Amino acid sequence: MKPSDTRPLLRLIDLVFGVFRAPVGAFRISLAFFYGLVCHLTFAAAVLAMIVTMFFGMSESFGRVPSPWSILANLALVLQFPIVHSLLLSQRGGIFLAKLAPRAFGPTLTTTTYAIIASAQLLALFALWTPSGIVWWQAEGAVFAIICCFYTVSWLLLIWATYDAGTEVQSGALGWLSLAQNIRPIFPDMPVNGLFSIIRQPIYVSFALTTWTVPVWTPDPFGLAITLTVYCLLAPRLKERRFAKRYGARFEDYQRDVPYALPRLCRSKM
């Protein structure tokens, strides 16, 4: 395993402190901070909603759609996330995202508007879910403590993978911090260190793991875990096509050396 390095942290620090050296432009800076505030508040609310709702087996939420319509409502909530999420990652999706801000600033804010929409989707999924009211199993005692440890580790792995990939991109900060400084967003290089040296898709895998390590099991998290796991295994194929075009032989070498989603138990000796 190649250890995580400090470059992602240094990039983020440089972006943040660069705001204090931003050239004048009251409207541009105000707009950047507005998008940043909306982005990070929505992001925090979505993460908190997912952590709490999944921990309790999705047995508590604000959704109150009567049966049998609740099944259709929940299905719509489940499907909207992977469908819209994938569409926005396409070339046409990027064009659409650029239109969600004033014309001169739209392309710069693309990563921020994408993070806002993705966070709003997750928030809607977990906050508006209508619980089935059925509890299959609930961990107790030592088993509860063990599962809670697994749940915590899953989230820590997700945070770690997010750091390795570039926190500024994954959190949406790259767009609004770049706009505030009136500079072109500079995307991080292809991640190959840390968890990315073990598998190629640690963000998707750790995200899926958070859905399988909950201490309360009902039909709700079970169905959601299956759906999101399938998405997390299939969706990165589109991402890898973009990486193959962008990085060429370099990505092909990385693809050959590092497994997709399951780490190798032992490495072959050359």
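A: Start with a term: a cavity is a set of grid points where a 1.4 Å probe fits but cannot get out, and a pocket is an open set. Note also that this is a predicted model.

Q: How many cavities of 30 Å³ or more does the structure hold?
A: One. The volume of the largest cavity is about 60 Å³.

Q: Which residues line the largest cavity?
A: The lining is made of M190, P191, F196, R200, Q201, K239, E240, F243, F251 and Y254.

Q: And by class, what is in that lining of the largest cavity?
A: Six nonpolar residues, one polar and three charged.

Q: Which element gives the largest share of the lining of the largest cavity?
A: α10, with three residues. Both α10 and α11 (249–257) supply at least two residues each.

Q: Now pockets. What volume does the largest pocket have?
A: About 1,500 Å³. Its lining counts 45 residues, and those nearest the centre of the pocket are H85, L89, Y114, V169 and Q170.

Q: Which elements give two or more residues to that lining of the largest pocket?
A: α2 (26–55), α3 (69–88), α4, α5, α6 (141–170), α8 (202–212), α9 (219–234) and α10 (236–247). The largest share, nine residues, is from α6.

Q: How do the residues of the lining of the largest pocket divide?
A: Into 30 nonpolar, eleven polar and four charged.

Q: What about the second largest pocket, how much space lies in it?
A: About 320 Å³. This second largest pocket is lined by 17 residues, with I199, V205, S206, L209 and A261 closest to its centre.

Q: Which element supplies the largest share of the lining of the second largest pocket?
A: α8, with seven residues. α8 and α9 are each a source of at least two residues there. By class, the lining of the second largest pocket has 15 nonpolar residues, two polar and no charged.

Q: I199 came up there. Where is I199 found?
A: In the loop between α7 (173–181) and α8.

Q: Is I199 buried or exposed?
A: I199 counts as buried because its relative accessibility is 8%, and the cut-off for buried is under 20%.

Q: Leaving aside neighbours within four places in sequence, what is I199 in contact with?
A: With V205, Y254, V258, P259, Y260, A261, L262 and P263.

Q: How many residues apart in sequence are I199 and S154?
A: They are 45 residues apart in sequence, and 15 Å apart in space, C-alpha to C-alpha.

Q: Switching to helices. How do the axes of α4 and α5 cross?
A: The axes of α4 (residues 91–98) and α5 (residues 110–127) cross at roughly 95 degrees and come within 9 Å. α4 is therefore roughly perpendicular to α5, a label that covers 65 to 115 degrees.

Q: Which residues of α4 and α5 meet?
A: On the α4 side G94, L97 and A98, and on the α5 side T110, T113, Y114 and I117. The contact of α4 with α5 has four nonpolar residues, three polar and no charged. Y114 also turned up among the residues nearest the centre of the largest pocket.

Q: Where does Q121 lie, and is Q121 buried or exposed?
A: Q121 lies in helix α5. At 6% relative accessibility, Q121 counts as buried. Apart from its neighbours within four places in sequence, Q121 is in contact with Q80, F81, V84 and H85. H85 is also one of the residues nearest the centre of the largest pocket.

Q: Backbone next. Which residues does a cis peptide bond join?
A: S67 and P68, with omega at about 5 degrees. P68 sits in the loop between α2 and α3.

Q: What is phi of M58 near?
A: Near 55 degrees, a positive value in a residue other than glycine. M58 is also in the loop between α2 and α3, and counts as buried at 0% relative accessibility.

Q: And N182, what is phi near there?
A: Near 60 degrees, again positive and again in a residue other than glycine. N182 belongs to the loop between α7 and α8.

Q: Is N182 buried or exposed?
A: Exposed, because its relative accessible area is 52% and the cut-off for exposed is over 50%.

Note on methods:
Residues numbered from 1 in each chain as written. Predicted model: local features only at pLDDT ≥ 70, side-chain atom pairs only at ≥ 80, totals over all residues. Heavy atoms only, no water. Axes fitted to C-alpha atoms, helices over the stretch in contact; angles between N-to-C directions. Helix = DSSP H or I, 4+ residues; strand = E, 2+ residues; numbered from the N terminus. Parallel < 35°, antiparallel > 145°, perpendicular 65-115°, else oblique. Contact = heavy atoms within 4.5 Å. Nonpolar A, V, L, I, M, F, W, Y, C, P; charged D, E, K, R; others polar. 1 Å grid on protein atoms, 1.4 Å probe; cavity = no way out; pocket = protein on both sides within 12 Å on 5 of 7 lines; lining within 4 Å. Points joined across faces, edges and corners; volume = space filled by probe spheres on them. Buried < 20%, exposed > 50% of the residue type's maximum accessible area, 1.4 Å probe, protein only.
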